[in-house]
Amino acid sequence: MSNRPAPTLPTRNRKSTMAQQPETRVSAATPRLDVAHLAKTYGSGGKARTVIEDLTFTVDAGEVVCIVGPSGVGKTTLLKCLAGLQPATSGRAAIDGRTISGPPPEMALVFQDYNRSLMPWLTVRKNLVLPLRHLKLSAAELKERCDSALAAVGLSHADNQYPWQLSGGMQQRVAIARALAYRPEILIMDEPFASVDAQTRFDLEDLCLKIRRDFNMTILVVTHDIDEAVYLADRVVVLGSRPARVLKVVDVDLPAPRDQITTRSLPEFARQRTEVLSLIKRPA
């Protein structure tokens, strides 16, 4: 775990917004997300295929951590284990010291295929309400959550439109707003900006940093884009080999606030981008 103290960020009223979550007393030294010797094997006997082997890393509260690695190395499988969608074969993943054994109530996911995750026959607002139904919130609470989530992603004007009426970037903003309406403490994003054009991607990256700042949220992002990982992250977890293992956790020491032009032109940005790329391209 990095020796850097967790970022000091503005907070919201967590007691009221996270009323559905269990209260947990943890030490300040306990990582928000702790992955220890995690392994995942599919099948058994001669047909067994190990995708992940002995992964260990941590994510501190309020951090943005990016996971990068070659295609097919097992990044999405890792996220499924962290989200409680698949059991690990061995090792453990934990939130605040509690082993993840199913979808954690503190966590929300945003996927790459926003056009598959959104219901095209529902308005934007109804798409946001859909995953909240089991929380048994009042109509006023549902409205407040949707209003604040749409405002956070700049889509207050689009609440009665349908996803198919929106651009790809706006649809991904809807997917992010839907996650925010759930009021998670940890946001996991799987290649969230891969299906949009370059300018929209920059805008969505900055939205990700704004969400971290405004909601004091812990964010884990899987991406193939090394520049994106260095721009977003406090730390980059570099995966390599097959089965996947951690090659190195790279601390990203770039000044805040980050800016698409200024930050990407810094010599330190180029140096750290080269370090991550060199690790990925290094022969196994």
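**Helix α7**

I looked up helix α7 (residues 198-215), which has 18 residues and spans 26 Å from its first C-alpha to its last, close to the 26 Å expected at 1.5 Å a residue, where the expected span is 1.5 Å times one less than the number of residues. Helices here are DSSP runs of H or I with at least four residues, strands are E runs of at least two, and both are numbered from the N terminus. I note that this is a predicted model, in which local features need pLDDT of at least 70 and side-chain atom pairs count only at pLDDT 80 or more, while totals for chains, interfaces and linings use all residues. Residues are numbered from 1 along each chain as its sequence is written, and side-chain values use heavy atoms, with hydrogens and water left out.

At the start of α7, I found a side-chain oxygen of D197 within 3.2 Å of the backbone nitrogen of Q199. After the helix comes N216, with a positive phi near 50°.

**The chain as a whole**

I counted nine helices and 10 strands in the chain, and 50% of its 284 residues count as buried. Among contacts (heavy atoms within 4.5 Å) between residues at least 6 apart in sequence, 72% join residues at least 24 apart.

**The six-stranded sheet**

I traced an open sheet of six strands in the order β6-β7-β8-β3-β9-β10, with mixed pairing; two strands pair if DSSP finds at least two bridges between them. Strands β6 (107-110) and β10 (245-251) stand at the edges with a single partner strand each, so one side of each is left without a neighbour in the sheet. The twist averages 20° from one strand to the next. Within this sheet, β3 (residues 64-68) and β9 (residues 235-240) pair in the parallel sense over four bridges, and V68 stands opposite V238 in β9.

Helix α9 (residues 267-281) lies across β3, β9 and β10, and runs at about 175° to β10. Helix α2 (residues 75-82) lies across β3, β6, β7 (186-190), β8 (218-222) and β9, and runs at about 155° to β7.

**The four-stranded sheet**

I found a second open sheet, with four strands in the order β2-β1-β4-β5 and antiparallel pairing. Its edges are β2 and β5, each with a single partner strand, so one side of each is left without a neighbour in the sheet. Helix α2 packs on this sheet as well, touching β1, β2 and β4, and its direction makes about 115° with that of β1.

Seven bridges join β1 (residues 33-42) to β2 (residues 49-59); in β2, V35 has F57 as its bridge partner, and L33 has V59. The hairpin of these two strands has six residues between them, and in it G43 takes a positive phi near 80°.

I asked how far α2 is enclosed: six of its eight residues are buried, so the helix is largely enclosed by the rest of the structure. The buried residues are K75, T77, L78, L79, C81 and L82. Just after α2, G84 takes a positive phi of about 75°.

**Cysteines**

I searched the whole structure for disulfides, meaning pairs of cysteine sulfur atoms within 2.5 Å, and found zero. For C66, the closest cysteine sulfur is in C208 at 7.3 Å, too far for a bond. C66 is buried at a relative accessible area of 0%, and C81 is buried at 5%.

**Two loop residues**

D96 sits in the loop between β4 (90-95) and β5 (98-99), and counts as buried at 12% relative accessibility. Its side chain makes a polar contact of 2.7 Å with that of R32; such a contact is a pair of N or O atoms within 3.5 Å, and within protein one must be able to donate a hydrogen and the other to accept it, with residues adjacent in sequence counting only if both atoms are side-chain atoms.

A61 lies in the loop between β2 and β3 and counts as partly exposed at 38% relative accessibility. I noted that A61 and I186 are 125 residues apart in sequence, yet 8.7 Å apart in space, C-alpha to C-alpha.

Conventions
Buried < 20%, exposed > 50% of the residue type's maximum accessible area, 1.4 Å probe, protein only. Axes fitted to C-alpha atoms, helices over the stretch in contact; angles between N-to-C directions.
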